[in-house]
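Please read this report with the sequence and the model side by side.

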Amino acid sequence: MSTASVTSEEAGSPAPVKGRPAYKVLRRFVRTQPLGALALLLIASMFIAGSFAPQLAPYDPLAAAFDAVLQPPSGAHWLGTDNFGRDVFSRILHGMRPALLLGVSTALIGSLIGAAIGTTSAYFGGRVDAALQRANDVLLSIPLIVAALVVVAVLGRNVVAGVDINLMIAITLPYIPVMARVMRSAALQVRISPYIDAARAMGYSHVRIIARHMAPNLVSPWLVMVSAFTAQTILLKASLSFLGVGVHEPTPAWGLMLSNVSVEIFTTAPWVVLFPGLAISSTVFAFSLLGDALRDALDPRTRH
Amino acid sequence: MLSFLVKRIGQLLFTLWCVATLIFFMLRVLPGDPVEFKYTSEGGVITAEQLQQQRQRFGFDKPLVVQYGHWIAGLAQLELGTSIWSENPIAQEIGTRLGVTVQLALLALAFGLVMALPPGILGALSRGTWLDQLIRVLTVTGQSVPSFWLAMLVILAMLATFGWIPAIEAVSFRERPWEYLAQLVVPAAVVGWRLSSVNARLLRSSLIEVLGQDYVRTAHAKGVGPARVVWRHALTNALLPTVTVLGIEFAGLLGGLVVTEQVFNINGIGRLLMQAISYSDLALLQGLVMLFALIYVTVGFAVDIAHALLDPRIRVH
């Protein structure tokens with residue numbers, strides 16, 4: 001840490017953050033990252049549509065109508081009906097809010113825990129770092145989806161206020177080591193910056209240096225990560241519900257809408273699988289694109 | 001090199017022991033008794049006495065510590081135990097299904113690498129232009145589309161254009177080799193497409209980095225044609241990080257096949273995992289988790305060795 005002053009400058013370590021008015025930041029982002037701005041717009045409109053699903057949806061998402069089974073898209077049913085005669089559009093709209101909430105909240109919680117572990121690991125280095133890295137290795141050696149499946153199997157269901165807490169845990173837990181690893185490498189860059197050495201020379205406590213000096217400079221990589229991981233958690237949740245894990249019929253969950261559809265049904269009535277899949281893909285797409293644009297906008301090395 | 005090897009093997013065994021311990025105790029908190037589940041789930045009735053006998057047979061009557069010792073001792077002798085549900089040795093259950101999953105994964109890996117080349121190279125060469133932006137949108141799309149949905153779309157498209165889809169029921173390679181291959185190619189291409197979008201991004205950024213290196217400038221300066229510079233001088237170097245990541249992701253890829261095997265009705269490891277979960281077959285489940293962990297650490301080890309052989313600087317610490 002004593003030799004850091006010159007090398008860190010050359011390594012292009014992030015400079016301390018300066019306050020800038022929010023609207024200017026947003027304007028600059030829209031101008032330099034049009035695709036990212038588009039993604040942001042898409043996400044905002046999906047949040048609004050999802051929040052007002054009960055008002056916007058033309059039908060009850062659970063109401064079966066056996067006289068209107070597998071109807072093609074029409075004026076009455078915009079996206080057709082499924083094999084129980086339920087309106088596909090209403091079901092997609094009702095599935096939007098849980099998908100977004102679960103995706104964003106798991107990515108937020110997981111990335112905060114991961115960031116805390118990664119930053120601590122990078123700050124202290126030495127034995128603490130080695131021990132945390134070993135623990136990380138152990139957790140990373142189990143594939144994400146396998147870990148999530150095992151956690152769901154172990155915990156079972158625990159629905160509180162309409163949200164399956166255990167499903168949230170199952171999706172969050174496997175991502176924590178991944179996030180800790182990403183944040184550790186970002187924090188290592190900040191760790192060797194001269195202003196951290198200065199803070200240590202001033203005699204500040206470890207907690208104060210991590211919280212007040214390192215954390216603010218890790219906000220940008222963290223933001224990128226939250227956006228990218230939201231995309232992945234939404235995808236993981238869809239995969240789990242496709243496998244019939246975590247949610248059960250007749251809940252309007254996107255992954256579940258694609259599950260249990262036989263080849264006969266989806267080849268004769270493709271809208272049953274087309275639109276829910278499109279909903280998953282476009283949501284994940286918006287968050288990935290936003291993460292990508294944020295990475296470009298915030299990382300000084302890729303700016304040109 | 002020898003001390004590096006010994007240290008890495010020590011780490012590897014330690015990681016595996018930790019995974020074995022973690023999964024063992026995690027699965028013991030599972031509510032319900034897997035042995036009771038086995039005999040009562042399909043409407044069967046079992047007396048307390050019979051249940052006790054059966055539990056004894058599977059070793060569930062012993063204290064947890066003894067069971068744990070048995071599990072670790074078994075692993076040390078490469079023994080995974082017996083499945084509770086089918087009562088076959090777990091090694092046999094895995095053995096009969098591992099082949100098809102590994103074939104699928106390797107084929108997907110090949111697709112993932114080959115399909116990543118055009119967008120990766122084009123993206124790097126046209127950095128900052130509209131073409132680069134278009135490729136970015138395409139690769140982000142590739143990462144956003146769930147593989148099970150893409151699989152359904154591919155089946156639909158094949159039916160619409162050829163009026164034919166690969167048979168869903170299992171066929172053996174010996175009897176009908178073409179049908180067997182057709183069954184594997186479609187799922188492998190679906191998974192490979194997703195992989196290729198991730199790889200294309202990696203390839204683009206490492207190619208951009210390599211193209212700025214001195215040896216590329218030297219090659220240009222000594223009159224090597226532009227195509228040859230990209231293919232021979234830059235690409236061979238830029239592929240290394242991509243291939244490394246591919247290797248590390250191999251175990252994750254096997255995990256991801258759980259969903260694909262479900263869609264295409266392939267009786268592989270993923271199917272076995274779903275069975276183990278729905279039957280709450282603890283023995284099988286912990287055996288499968290160990291298999292994934294073993295593949296992950298072995299591939300990681302192989303990648304490290306390859307790097308250490310290629311780059312002496314890594315061996316130092």
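## A tryptophan in chain A

Leaving aside its neighbours within four places in sequence, Trp271(A) is in contact with Pro72(A), Pro73(A), Leu79(A), Gly80(A) and Val88(A). Two residues are in contact if their C-beta atoms, placed from the backbone, lie within 7 Å. Between Trp271(A) and Pro73(A) there are 7.5 Å in space, C-alpha to C-alpha, although the two are 198 residues apart in sequence. Trp271(A) belongs to helix 14 of chain A; helices (H or I, at least four residues) and strands (E, at least two) are DSSP runs, numbered from the N terminus.

Is Trp271(A) buried or exposed? It counts as buried because it has 20 C-beta neighbours inside 10 Å. A residue is buried if 20 or more other C-beta atoms lie within 10 Å of its own, exposed if 12 or fewer, and partly exposed in between, with C-beta atoms placed from the backbone.

## Source of the model

This is a predicted model: local features need pLDDT of at least 70, and side-chain atom pairs count only at pLDDT 80 or more, while totals for chains, interfaces and linings use all residues. Residues are numbered from 1 along each chain as its sequence is written, and chains are lettered from A and ligands numbered from 1 in the order in which they are written.

## Two helix pairs

In chain A, helix 11 and helix 14 pack at an angle of about 165°, with their axes 8 Å apart. Axes are lines fitted to C-alpha atoms, for helices over the stretch in contact, and angles run from 0 to 180 degrees between N-to-C directions. That angle makes helix 11 of chain A roughly antiparallel to helix 14 of chain A. Angles under 35 degrees count as roughly parallel, over 145 as roughly antiparallel, 65 to 115 as roughly perpendicular and the rest as oblique. The residues of this contact between helix 11 and helix 14 of chain A comprise 13 nonpolar, 6 polar and 1 charged. Ala, Val, Leu, Ile, Met, Phe, Trp, Tyr, Cys and Pro count as nonpolar, Asp, Glu, Lys and Arg as charged, and the others, Gly among them, as polar.

In chain B, helix 12 (residues 250-264) and helix 13 (residues 269-278) pack at about 85°, with their axes 7 Å apart. These two helices of chain B are therefore roughly perpendicular to each other. Leu254(B), Leu257(B), Val258(B), Glu261(B) and Gln262(B) of helix 12 meet Ile269(B), Gly270(B), Arg271(B), Leu273(B) and Met274(B) of helix 13.

## Chain B as a whole

Chain B has 15 helices and 0 strands. Its C-alpha trace spans about 85 × 60 × 35 Å along its principal axes, and 35% of its 317 residues count as buried.

## Where the chains meet

In all, 35 residues of chain A are in contact with 43 residues of chain B. Helix 14 of chain A gives the most to the side of chain A that touches chain B, with 9 residues. By class, that side of chain A has 25 nonpolar, 8 polar and 2 charged residues.

The largest nonpolar core has 149 residues. Such a core is a set of buried Ala, Val, Leu, Ile, Met, Phe, Trp, Tyr and Cys residues joined through C-beta atoms within 7 Å. Ala148(A), Leu288(B), Val289(B) and Phe292(B) have the most contacts inside it. Among the contacts of Phe292(B) beyond four places in sequence are Ile142(A), Pro143(A) and Val146(A).
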